[in-house]
Each structure stands twice: as structure tokens, then as C-alpha cells.
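Trainee: I have a structure open and would like to learn how to read it. Where do I begin?

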Amino acid sequence: MKNFRLLLAGAVLIIAAGGAYAKGAFSAHNTSSRAMAWFEYSPTTSGGTANPANYHEITSTGCLNGSQLCAIRVEKNASTGLPDATALNNIQSDIDAGTPIAGKVVFKP
């Protein structure tokens with residue numbers, strides 16, 4: 001009976017570890033397969049650069065180097081067509097600092 005319990009406990013551990021690995025792999029796949037898009041900043045509502053509603057999707061930036069936010073490239077929220085709020089939040093410190101990041105955050109004069 002003791003051997004059976006040990007065998008059962010080992011099986012449960014293996015199944016739990018496999019489930020945790022599968023869940024992590026599925027989550028990583030979903031995150032990496034999200035569509036990236038360029039969004040131009042055009043403030044029309046409150047919330048400034050942190051509000052996804054203040055951006056609209058564009059095909060290319062055409063922005064020059066400067067100090068005023070022009071466009072960002074982040075994951076697109078499939079439901080709204082706007083920047084994903086989490087992705088926008090993740091680059092907010094770069095936006096606030098006025099830090100251009102090639103292929104991600106561009107500014108204009």
C-alpha cells in the first residue's frame with residue numbers, strides 16, 4: 001500500500017509539472033503571436049499618452065527626430081484595434097522620458 005501511495009504521488013507530481021509547462025508554453029505562444037502595429041499619437045481624449053484611445057493605427061511613421069511624441073509600435077488589441085493597454089503601459093516610462101527607441105517609440109520636432 002505504501003508503494004502504491006508513492007507511485008500515485010509521483011504520478012500526480014509529473015502530471016502537475018506537465019500541466020504547468022503546457023500552460024506556460026501556451027501563454028508564451030499567445031503573447032508572441034500578437035500583432036504588432038504602429039500607432040500615431042493624436043490626443044483627443046483625457047489621459048494623454050497613457051490612454052490607448054489617443055492613438056490611431058498607421059502603416060508607417062514618417063516622423064523626424066524631435067521631442068514631441070509622434071508614434072509608437074506596440075501590440076494591437078484585437079478587440080478594439082487600439083494599442084494594447086499593457087504594452088502601452090510597459091513603454092510609458094520611455095514615452096515620458098522622451099527616449100526614442102528605434103522601431104518602437106519615435107518623436108517629432
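Predicted model: local features only at pLDDT ≥ 70, side-chain atom pairs only at ≥ 80, totals over all residues.

Trainee: Which residues form the disulfide, and how far apart are their sulfur atoms?

Mentor: The general idea first: a disulfide is a covalent bond between the sulfur atoms of two cysteines. Here the pair is Cys63 and Cys70, with sulfur atoms 1.8 Å apart. The angle about the S-S bond is -60°, and the link of Cys63 and Cys70 is left-handed.

Trainee: Is Cys70 buried or exposed?

Mentor: Cys70 counts as buried because its relative accessibility is 4%, and the cut-off for buried is under 20%.

Trainee: Next, the secondary structure. How many helices and strands does the chain have?

Mentor: The chain has three helices and four strands. Read from the N terminus, the elements follow the pattern α-β-β-β-α-α-β.

Trainee: In what order do the strands lie in the sheet?

Mentor: In general, strands of a sheet pair through backbone hydrogen bonds, either parallel or antiparallel. In this model the four strands make an open sheet in the order S2-S1-S3-S4, and the pairing is antiparallel. Strand S2 (55-58) and S4 are the edge strands; each has a single partner strand, so one side of each lacks a neighbour in the sheet. On average, neighbouring strands of this sheet are turned by 30° against each other, direction ignored.

Trainee: How many bridges join S1 to S2?

Mentor: S1 and S2 run antiparallel and are joined by four bridges. As a landmark, Trp38 stands opposite Ile58 in S2.

Trainee: And which bridges link strand S1 to strand S3?

Mentor: Strand S1 (residues 36-41) and strand S3 (residues 68-75) are antiparallel and share five bridges. To follow them, find Met36, which stands opposite Glu75 in S3. Then find Phe39, whose bridge partner in S3 is Ile72.

Trainee: What about S3 and strand S4?

Mentor: S3 pairs with strand S4 (residues 105-108) through four bridges, again in the antiparallel sense. Gln68 has Lys108 as its bridge partner in S4, and Ala71 stands opposite Val106 in S4.

Trainee: Now the interior. What share of the chain is buried?

Mentor: Of the 109 residues in the chain, 24% are buried. The chain exposes about 7200 Å², and carbon and sulfur atoms supply 60% of that area.

Trainee: Which residues of the largest nonpolar core touch the most other members?

Mentor: The general idea is that in soluble globular proteins, nonpolar side chains tend to be buried together. The largest nonpolar core in this model has 13 residues, and those touching the most other members are Tyr55, Leu69, Ile72, Ile95 and Val105. Two or more residues of this core come from each of S1, S3, helix H2 (85-90) and S4. There is also a second, separate core of six residues, with Ile58, Cys63, Cys70 and Ala71 among them. Cys63 and Cys70 are also the two residues of the disulfide.

Trainee: What is Val105 in contact with?

Mentor: With neighbours within four places in sequence left aside, Val105 contacts Leu69, Ala71, Ile72, Ile91, Ile95, Thr99 and Pro100.

Trainee: Where is Thr49, and is Thr49 buried or exposed?

Mentor: Thr49 lies in the loop between S1 and S2. Thr49 counts as buried because its relative accessibility is 17%. Not counting residues up to four places away in sequence, Thr49 touches Tyr41, Tyr55, Leu69, Leu88, Gln92, Ile95 and Asp96.

Trainee: In which helix is Gln92 found?

Mentor: Gln92 is in helix H3 (residues 92-97). Gln92 is buried too, with a relative accessible area of 10%. Apart from neighbours within four places in sequence, Gln92 is in contact with Thr49 and Ala50.

Notes
Residues numbered from 1 in each chain as written. Heavy atoms only, no water. Pairing = 2+ DSSP bridges. Disulfide = S-S within 2.5 Å. Buried < 20%, exposed > 50% of the residue type's maximum accessible area, 1.4 Å probe, protein only. Areas by Shrake-Rupley, 256 points an atom, 1.4 Å probe, with all protein chains shown as cover. Axes fitted to C-alpha atoms, helices over the stretch in contact; angles between N-to-C directions. Core = buried A, V, L, I, M, F, W, Y, C linked by side-chain atoms within 4.5 Å. Contact = heavy atoms within 4.5 Å.
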